[in-house]
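User: I would like to learn how to read a structural model, one feature at a time. Please give the general idea before each case.

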Amino acid sequence: MPSLSWRVWPALVQLFLPSAVIAEGPLLDGWHDVWFFRFLVNMLGYATIIVPGYFLISYFKRSNYLDRGSGLCYPLIKTCVFGGEDKSVVLGDVSVSSRNEPDSGSSLKQALKLIFCAAGLQVSYLTWGVLQERVMTRSYGAMSPDHEGESFKDSQFLVFMNRILALTVSGLCCILFKQPRHGAPMYKYSFASLSNILSSWCQYEALKFISFPTQVLAKASKVIPVMLMGKLVSHKSYEYWEYFTAVLISVGVSMFLLSSTTSKHPSTVTTFSGIIILVGYIAFDSFTSNWQDNLFKYKMSSVQMMFGVNLFSCLLTVGSLLEQGAFFDSLAFMTRHSEFAFHAVLLSVCSACGQLFIFYTINQFGAAVFTIIMTLRQAFAILLSCFLYGHSVNIVGGFGVAVVFLALFLRVYARSRMKSARQSVLPQKV
């Protein structure tokens, strides 16, 4: 039986659509296939959890609950609303300083660690990228060329699958390994969680309107909005090479997008809707990273950050899925198509393992080495996608891809040179 929301929302859509459009019929009948309406429905589902939570938090803060509260719920409310301690030194600073100390291990051991990290990141995210494109752009259950099969359409369920496994993995890490005392109010994770959910949803949804190579290249250009946000919001200043490489990235992305040609298969076409969704992905993802940086002002580990963000992500996505009736529909799709169930589980495993490899690589070798590995991964992902799914890239598009990755390597090289220069000058001042 369809849920109440699927019966009510088409009636509400009539209030906002012109009668001439509604009279045509197909748009209203398939309104839930329109990405913008699904986005609004998802947001309303999140609002049913976020809005009551906002009023509860405001009430506890206004009523001075921290001083007068007591009872069984007091520790839980204190942890969620007020936190355990004040802001302190960022834990990341400790890990960075430990990386700069002389390495006690052998060069061979470090080389093996680097190979392990690079291989883990490449395998996790290359497999994740291939599966992501397979799930969102191909059908399941096609018995013959005449039978098209059934396509999976609910990107939010895939986000939930990824987050529930990441929550489990990070929770086990918090239990098995010693973590610093947690002090951040738990509700603050919800901001990064919401933006992370929306960026992941846009990432999956965009594959219905653009090719996977286009999406990968757009991810590589995230440096541009990050610089703009830092300039406008934080009043940061940038070096000339940062502006130069940002311009190179935008030129390369523009060359690739303008060289894209239409094809009969929808996964090879770049549409206006796809570009809008990509812009949403970049905006939400930029906010997520900035908010997480702010949260690291509290003393916490990366695993604790992973657990807190994924906890709220699971709460928001499962609540929205249940309200829409899409949760059990997606489970039914999994039971009908065992291949999809395998792909969805493997997709979640790759996502969770990839996050662990990210934390370990940055802790062992720093952000510069990690950026180089992930830049290579993006190049391999484009080549692998073109090979497996038949995406065509002409000479102009290929040159644009080369320009983007050249600019990314230039950024990594220039940043590492500046960091080395600062470290060499620092002892002279002491």
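Analyst: Start with helices, which are DSSP runs of H or I at least four residues long, numbered from the N terminus. In this predicted model, Ile-249 lies in helix α13, residues 240-259.

User: Is Ile-249 buried or exposed?

Analyst: The general idea is a cut-off: buried means under 20% relative accessible area, exposed means over 50%, and partly exposed is what falls in between. Ile-249 has 0% relative accessibility, so the residue counts as buried. Ile-249 is also 8.6 Å from Leu-406, C-alpha to C-alpha, although 157 residues separate the two in sequence.

User: What does the secondary structure of the whole protein chain come to?

Analyst: The protein chain has 19 helices and zero strands. Of its 430 residues, 44% are buried. Among contacts with a separation of 6 or more, 83% join residues 24 or more positions apart.

User: Which residues does the UniProt annotation "transmembrane region" cover?

Analyst: An annotation may be inferred rather than shown by experiment. In the UniProt record, an unreviewed entry, "transmembrane region" covers residues 39-60, 240-259, 265-284, 305-328, 340-360, 367-390 and 396-414. The model can then be read over such a span. Residues 305-328 are 96% helix and 0% strand, with end C-alpha atoms 30 Å apart. Residues 340-360 are 100% helix and 0% strand, and the end C-alpha atoms of that span also lie 30 Å apart.

User: What does Phe-340 touch?

Analyst: Leaving out residues up to four places away in sequence, Phe-340 touches Val-135, Tyr-140, Phe-152, Leu-158, Phe-333 and Met-334.

User: At roughly what angle do the axes of α15 and α16 cross?

Analyst: Angles of 65 to 115 degrees count as roughly perpendicular. The axes of α15 and α16 cross at roughly 90° and come within 5 Å. That makes α15 roughly perpendicular to α16. On the α15 side, Val-318, Leu-321, Leu-322 and Gln-324 take part in the contact, and they meet Ala-326, Phe-327 and Phe-328 of α16. By residue type, the contact has six nonpolar, one polar and no charged.

User: Where are Ser-302 and Ser-313, and how is each classed by accessibility?

Analyst: Both positions are read against the cut-offs given above. Ser-302 is in helix α15. Its relative accessibility is 28%, so Ser-302 counts as partly exposed. Ser-313 also lies in helix α15, but at 0% relative accessibility it counts as buried.

User: What are the contacts of these serines, leaving aside neighbours within four places in sequence?

Analyst: Ser-302 is in contact with Phe-296 and Phe-359. Ser-302 and Phe-359 are 57 residues apart in sequence, and their C-alpha atoms are 6.8 Å apart in space. Ser-313 is in contact with Arg-163, Ser-193, Asn-196 and Ile-197.

User: What is the place of Ser-124, and which residues is Ser-124 in contact with?

Analyst: Ser-124 is in helix α8. The residue has a relative accessible area of 6% and so is buried. Beyond its neighbours within four places in sequence, Ser-124 is in contact with Cys-350, Cys-353, Gly-354 and Phe-357.

User: How would I read a loop residue such as Gln-179?

Analyst: Gln-179 is in the loop between α9 and α10. With 22% relative accessibility, Gln-179 counts as partly exposed. Apart from residues up to four places away in sequence, Gln-179 touches Cys-173, Cys-174, Ser-301, Val-303 and Gln-304. Gln-179 and Lys-299 are 120 residues apart in sequence and 10.0 Å apart in space, C-alpha to C-alpha.

Technical notes. Residues are numbered from 1 along each chain as its sequence is written. This is a predicted model: local features need pLDDT of at least 70, side-chain atom pairs count only at pLDDT 80 or more; totals for chains, interfaces and linings use all residues. Side-chain values use heavy atoms; hydrogens and water are left out. Contact means heavy atoms within 4.5 Å. Helices (H or I, at least four residues) and strands (E, at least two) are DSSP runs, numbered from the N terminus. Axes are lines fitted to C-alpha atoms, for helices over the stretch in contact, and angles run from 0 to 180 degrees between N-to-C directions. Angles under 35 degrees count as roughly parallel, over 145 as roughly antiparallel, 65 to 115 as roughly perpendicular and the rest as oblique. Ala, Val, Leu, Ile, Met, Phe, Trp, Tyr, Cys and Pro count as nonpolar, Asp, Glu, Lys and Arg as charged, and the others, Gly among them, as polar. Buried means under 20% relative accessible area, exposed over 50%, partly exposed in between (1.4 Å probe, protein chains only).
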